[in-house]
Amino acid sequence: MNDALPKWADIALIPLLNLTLALIVSGLVVGFIGEDPFEVLSLLIEGAVGSADGWSYTLYYATNFIFTGLGVAVAFHARLFNIGGEGQAMLGGLGVALALLYVPWPHWSLALLAAMTGAALFGAAWAAIPAWLQARRGSHIVITTIMFNFIASALMVYLLSRVLLVPGAGGSPETARFAAATNLPAIGDLYALMGWGCVERPIASVCRAPLNIAFLLALLAGFAVWALLWRTRLGYEIRAFGHSEPAALYAGISPTKIIMVAMLISGGLCGLMAINAVMGEAERLVIDPVQGAGFVGIAVALMGRSHPIGICLAALLFGMLYQGGGYVEFDIPAISREMILVIQALVILFTGALDNMVRAPMEALFLNRRRPEPALPTSATRSDGDPKERKVEP
Amino acid sequence: MSRAAPRDEGDAALAIELRGISKSFGPVQANRDISIEVRRGTIHGIIGENGAGKSTLMSILYGFYRADAGEILIGGRRTEIPDSQAAIDAGIGMVFQHFKLVENFTVLENVILGAEDGRLLKPSLAKARRLLKQLADDYEMDVDPEAVIEELGVGQQQRVEILKALYREADILILDEPTGVLTPAEADHLFRILRGLRDEGKTIILITHKLREIMEITDSVSVMRRGEMTATVPTAETSPEELAELMVGRKVLLRVDKAPARPGDVVLEVRDLRVVDEQKVERLRGIDLTIRAGEILGIAGVSGNGQSELLEVLGGYANGTGSIRMNGQEIDLTGTASDARTRRARGIAHVPEDRQREGLVMDYRAWENVAFGYHSDPRFSSGLFMDHAAMRADCDDKMRRFDVRPPDPTLAAKNFSGGNQQKIVLAREIERNPDLLLIGQPTRGVDIGAIEFIHEQIVALRDQGKAILLVSVELDEIMALSDRIAVMFDGRIMGERLPGETDQRELGLLMAGMAGAAA
Amino acid sequence: MDFLGLLQILDSTLRLATPLLFACLAGLFSERAGIFDIGLEGKMLASAFLSAAAASYTGNVWLGCLAGIGASLMLAAIHGVASITFRGNQLISGVAINFLASGLTVVVGEAWFGLGGRTPQLMGAARFQEIDLPFAREIADVPLLGPIYANLLSGHSALVYIGLLCVPLTWWVLYRTRFGLRLRAVGENPAAVDTAGVSVVGLRYAAVMICGLLTGLAGAYLATALSAGFVKEMSAGRGFIALAALIFAKWRPWYALGATLLFGLLEALGNRFQTIEVFDITVPTQFMQALPYILTVVILAGFVGRAIPPRAGGEPYIKER
């Protein structure tokens, strides 16, 4: 009886309740280390959305999370748990770097196309091996994708310290800067174009904010994922497979194909994150361009109920956390950036694993408010009142 | 032994008495004010349609669910049964329809699980070995205590379940649809065991939907309908017709009216078809069969004898070897050219045995499900995209013509009753005008009203000149619908009979693998 | 490589295998009871942190070890509540626990010590000391056996020996006791356990808590025996490697010892030979470091034998008739 809840409660109320719980527990952690949770919260909000500067950083982070969140969500719909977004995004960064370092692109738009191709291809390729192993060998994709994260970081260290290293980069392993012609239009350019002035501030300034055109690409990707999942035949097959593998086989949908395709799309989307972080922000490939965004994608996808609109909203929330978190750390050094990781973990815990804790009482509440209906014959779905085992996707 | 004592004496104490038991799940009332009295040392049947609430009632008795209202008396004493342990303590043993055995444990380990003596296993196992031997001698339940469950046949597994209950010194034994997986011979053996147990003074409750079993073995019978107990009568004073009417609430036709078949050209020809499963077990061992246009070939057999594999390989999602010819043309059996999609393209439609696992995506809405398997049809998709409007229109149309209730295309498949789900699947598969319809367990979990409708549809399709392969474990259904009957046992076809020239006994022997006896 | 060099590598194999062994046995209890636990990593990390913090505060490694176990048990309890009581997705719960541990260890560590997520260096009784087995010195000069006994078997911390003892103990509990029978049954078919009148929930919680206890030992060993203090992310994927070892070991205790020793050997080799030359090609350090992860993938790919996991693994138990 999944219809015990009205739709609005399912897609809005429950995630909000889960989020509130996560924030309350985070507040307790803040209190535990001797700081005032309310002060931290107000600083966090001020830093994230209190100014144009804050907003532009928040949206920059959100861009990363939209890409990785969409990536994780596409896999969720095929009932695959892709924890390898981190590694896939790293490889995406490599794809961007290779596309930009060796070709003298005349204009950023061409460079962007090439970089997107590189990012998506490399990200997809990194997802392909775990996908194939899952489809053909039944290897647990959760563990293989985690292993591929570790292998990816070893590979990046190797490539950056041995192969792509520029002599005299000051010791930190990174590539040369990309040519200026490939720099993406950023929010500062818009300000300059419109003739708006911007205030230089110590930690955040619109003029130096990394928010760039990739944000629009992320929104576009969200639309594309929606169309893919709910409008195309492939999406119909992916979702059918995710709901029931035996049914997919019965309908002539090849599990191998769906696992491969869903993971390739998932990896490609995670890889595309590098457009924002590597091409848009760093403008060179550094040792860890992803900064945990691949993992944030899991929380974002879970919170956003694997739907692009939900994902964009959840990504915005996490963008606020990341930007606001940096701001808080500046003012209260005792609150380190890893606090974000704690909040992220709690969001995953409450929205993903403890969902029934909130859902079951809410369902009971809503059921009690309804009148008992004449019983449908229930031989089919044993309505034993138990919440049925929940799948990975909402 | 007091086995000669007449059992219909009025003074026998009550083993179980239920008073006013009610249970609802959300808005659905599964049991409503149910009262029964079961006398000690009798076999009491509970009969009713699917979804009538029999299993819920027994689950309450075994501590799976708590009743919302009412009380349970065991041996005249009010007893609370909050969990299975309490039921066991009260002397209740339960044999579930789906056995609750640990497949890779031995018989002995399964028997002692939860009833061990002490923290170490060795003494418990030794004691159980002794006791088991004695029980086996007493009730002709020969089972090797060291055998691993997954290597035993279903009949033997069921005996392990009974032994489990007896090991726990159960006085009251509840069996839920115990013969569903048994051959008629195995069922007879089970009934002998049950009679022996009754004569020892045990009380037995038999839950079934088969009238024949009720008439054959029970002393008294209760009938359930829509969550209510409609009657309790001594078996000797009732008839199958009366029970059927009590079950359904109106007169039921137990037969299907159909004209003699007019077979046409050969549609499907299967030669030496073999399927080996992932555990390297040969599930089909050389199947030969032919189906002509305009006839129904019924496949009888106890479930698990290769019928599912036959449907899967014909439906395109199991690999096999041998030859399948459809309208005279060979079908690829392996590789990329062999999947459910290519089979449909060859004119094979398939109503699968398990509609909830295979035939429908339970979370998809009805309109999404009507295209399932045919979603690449130009009717439903153009280019990369699906045509939702066409799917909705098609669903509206099908729901009207197949009388699906409620006729709401936006409802998810899981929210329809079993019968209406089956109508959705049937509508989808029939409407494609296939040359061959594969149909497995067409009426499993379907209410009686819908059964009649589904049977009529199958016969109508035959009369349009389609070939139909019907797989069912319900012998009555096979007898009523088939124009020819093939019996499967252990991956082989034991023989073919015409329904007019055979009977349940002969088919039962074939189902048990006794080809010679039936010749 | 000479004999002593070989002994050194085997010696460090044993040291490096110990945390994997604890974690692998921990996973064995949990998965045998039908609860997947990819949160081994996080529990190990949390235990490493709290054991180092408590040991540095009290100066007593055993108190540190207890604190570490406490941290691990807390996270195990969360996993139990999520996956047993609320029937949540066990994978997601595990992932959350891993992130929670990564975050909390640094946040709390920074707040307590202000050392960028480290704990202070542990010294003296705040660390596990090496134990010399009896007569190690006396027979060290006996050819062959002497050095093996003195250099390889002797001179480890108490936890190494406890870990080795846990192997037969686990085997005995699993196959010779009532608890073990029920535990194995609940991972194969919880309905059978339930209808036999035994609490599925109780058994699964017991298994999850044993898992927490053993993972706690793994983490304490990392921070207070193998290293001298906690460092950010010091578990470095060992929890996941232990899971791969568990699959390789077909969920059996003795095989688990073999599998974790293999991974220990790999890590020891990676540490000993930072670079290896194969046919004039220098294999880079990073490859050696990634080797355990690569091997994990190879093992999961089933190129090295395949096994059937506990049948009810990962599925929340819902009563059905």
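Why does B:Ala293 count as buried? I shall come to that residue after an overview of the chains. Please bear in mind throughout that this is a predicted model.

Let me begin with chain A. Chain A contains 15 helices and zero strands. It has 394 residues, of which 59% count as buried. If we take the contacts within chain A between residues at least 6 apart in sequence, 78% of them join residues at least 24 apart.

Chain A also meets chain C. In that interface, 45 residues of chain A are in contact with 40 residues of chain C. On the chain A side, the helices that each supply at least two residues are α5 (108–137), α6 (141–163), α12 (293–303), α14 (338–353) and α15 (355–369). Sorted by class, this side of chain A has 29 nonpolar, nine polar and seven charged residues.

I turn next to chain C itself. Helix α1 (residues 3–32) and helix α6 (residues 158–176) of chain C have axes that come within 9 Å and cross at roughly 35°. The crossing of α1(C) and α6(C) is left-handed. From α1(C), the contact draws on C:Leu14, C:Arg15, C:Thr18, C:Leu21, C:Phe22, C:Leu25 and C:Leu28. From α6(C) come C:Leu159, C:Val160, C:Gly163, C:Cys166 and C:Thr170. By class, the contact between these helices has eight nonpolar, three polar and one charged residues.

Chain C touches chain B as well. Here 18 residues of chain C and 22 residues of chain B take part in the contact. On the chain C side, α7 (178–188) and α8 (190–195) are the elements that give two or more residues. That side of chain C has seven nonpolar, four polar and seven charged residues.

This brings us to chain B. Chain B is divided into domain 1, covering 13–91 and 204–250, and domain 2, covering 266–356 and 434–518. The C-alpha centres of domain 1 and domain 2 of chain B are 36 Å apart.

Within chain B there is an open sheet of four strands, in the order β12-β11-β14-β15, with antiparallel pairing. Its edge strands are β12 (282–292) and β15 (329–330) of chain B, each of which pairs on one side only. Strand β14 (residues 321–326) pairs with β15(B) in the antiparallel sense over two bridges. In this pairing, B:Arg325 stands opposite B:Glu330 of β15(B). Helix α9 (residues 307–315) of chain B packs on the sheet and touches β11 (266–276), β12 and β14 of chain B. The direction of α9 makes about 65° with that of β12(B).

Another strand pair in chain B deserves attention. Strands β21 (residues 484–489) and β22 (residues 492–497) of chain B pair in the antiparallel sense over five bridges. B:Met488 stands opposite B:Ile493 in β22(B). The two strands form a hairpin with two residues between them, and B:Asp490 in the turn has a positive phi of about 50°.

Finally, I return to B:Ala293. This residue lies in the loop between β12 and β13 (296–300) of chain B. B:Ala293 counts as buried because it has 21 C-beta neighbours inside 10 Å, and the cut-off for a buried residue is 20 or more. Leaving aside neighbours within four places in sequence, its contacts are B:Pro263, B:Gly264, B:Asp265, B:Val267, B:Gly465, B:Lys466 and B:Ala467. B:Ala293 and B:Leu268, 25 residues apart in sequence, are 8.7 Å apart in space, C-alpha to C-alpha.

Notes. Residues numbered from 1 in each chain as written. Chains lettered and ligands numbered in written order. Predicted model: local features only at pLDDT ≥ 70, side-chain atom pairs only at ≥ 80, totals over all residues. Contact = placed C-beta atoms within 7 Å. Nonpolar A, V, L, I, M, F, W, Y, C, P; charged D, E, K, R; others polar. Buried ≥ 20, exposed ≤ 12 C-beta atoms within 10 Å, placed from the backbone. Domains from an automatic or database assignment. Pairing = 2+ DSSP bridges. Axes fitted to C-alpha atoms, helices over the stretch in contact; angles between N-to-C directions. Left-handed = near helix turned anticlockwise from the far one by under 90°.
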